[in-house]
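The following explanation is to be read alongside the sequence and the coordinates. Please keep both in view while following the text.

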Amino acid sequence: DKAVAEKEIDFAVHSLKDLPTEAIPGLCLTCVPPRERVGDVLVSNSIGSFEEIPEGALIGTGSMRRKAQLLNQRPDLRIEDIRGNVDTRLQKLDDGQYQAIILAESGLKRLGLDKRITHVIDHSVMLPAVGQGALGIECRENDSYVREILAHLNHADSFISITAERSMLRALRAGCLAPVGAFGQIIDSELRLQGVVLSGTGALRVDAHAEVALAELSESKQMEAADVLGQAVADDLIHQGATELIAEAREN
């Protein structure tokens, strides 16, 4: 961000999952290329699917969101932290340190490691992180030349979907490390957003969803509608106690 602001580079490419939702003065998220696969996957050398995970199995993940959703479904599992890049995590799995690990499907596909995917976890079990599977290109807000060039890479449906997700996360004031999941998608000209917030242990969970029709709206109005939709889903989650769950997870 500093390099973009100081004109050392013209734009920066981010993993949107890791990009803070609060805008930086003078910079803007100007482009989102077509989104990769959004979900999380099980990677294992001995377990064939999520349903086949044995009781008390040792699962590795570095994500509180994944840990909380796993424990919400399977409180019997042993979830331990795992760090390092994808290759390092796969090596730890192969060395027998874990019976399975959870990774993003998009990351494995982009690295050409999709053959390691054992099972794609259904969204009913695990909602992805906000912006998961998407890249975001950031540049200077007043640089019309660069913004015009980058516009050719933009995928409108992906940008609209992640706008709703990021609006939800921003309204929750949760940050990218909290046990919060979201999935926005456009189906038949309707933007649909699902959101979930859990306690750190996964024992408590609140869900919300909403949708908005996009067919009669201009592109700018669609972006506005996505932002409003995200706030509406966040308000529903907050009404159900999401703020307290996020605070509890941070304490742990």
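The paragraphs below treat the sheet and its helices, then the nonpolar cores, and finally the cysteines.

This is a predicted model, in which local features need pLDDT of at least 70 and side-chain atom pairs count only at pLDDT 80 or more, while totals for chains, interfaces and linings use all residues. Residues are numbered from 1 along each chain as its sequence is written, and side-chain values use heavy atoms, with hydrogens and water left out.

Helices (H or I, at least four residues) and strands (E, at least two) are DSSP runs numbered from the N terminus. An open sheet of mixed pairing is formed by five strands in the order 5-4-6-3-7; two strands pair if DSSP finds at least two bridges between them. Strand 5 (78-80) and strand 7 (119-120) stand at the edges with a single partner strand each, so one side of each is left without a neighbour in the sheet. Strand 5 runs parallel to strand 4 (residues 58-60), and three bridges join the two. Within this pairing, R78 of strand 5 is the bridge partner of L58.

Helix 2 (residues 64-73) packs on the sheet and touches strand 3 (40-43), strand 4, strand 5 and strand 6 (100-104); contact means heavy atoms within 4.5 Å. The direction of helix 2 makes about 125° with that of strand 6. Axes are lines fitted to C-alpha atoms, for helices over the stretch in contact, and angles run from 0 to 180 degrees between N-to-C directions. Helix 3 (residues 86-94) lies across strand 3 and strand 6, at about 160° to strand 6.

A nonpolar core is a set of buried Ala, Val, Leu, Ile, Met, Phe, Trp, Tyr and Cys residues joined through side-chain atoms within 4.5 Å, where buried means under 20% relative accessible area, exposed over 50%, and partly exposed in between (1.4 Å probe, protein chains only). The largest such core has 26 residues, and M168, L172, V180, V197 and L237 have the most contacts inside it. Helix 7 (219-239) is among the elements giving two or more residues to this core, and its six residues are the largest share. Beyond its neighbours within four places in sequence, V197 contacts residues including L172, V180, L237 and I246. A second, separate core of 15 residues includes I47, F50, I53 and A57.

Disulfides, defined as pairs of cysteine sulfur atoms within 2.5 Å, number zero. The closest cysteine sulfur to that of C31 belongs to C139, at 9.1 Å, too far for a bond. For C139, the closest cysteine sulfur is in C28, at 4.3 Å, also too far for a bond. C31 counts as buried at 0% relative accessibility, and C139 is buried with a relative accessible area of 0%.
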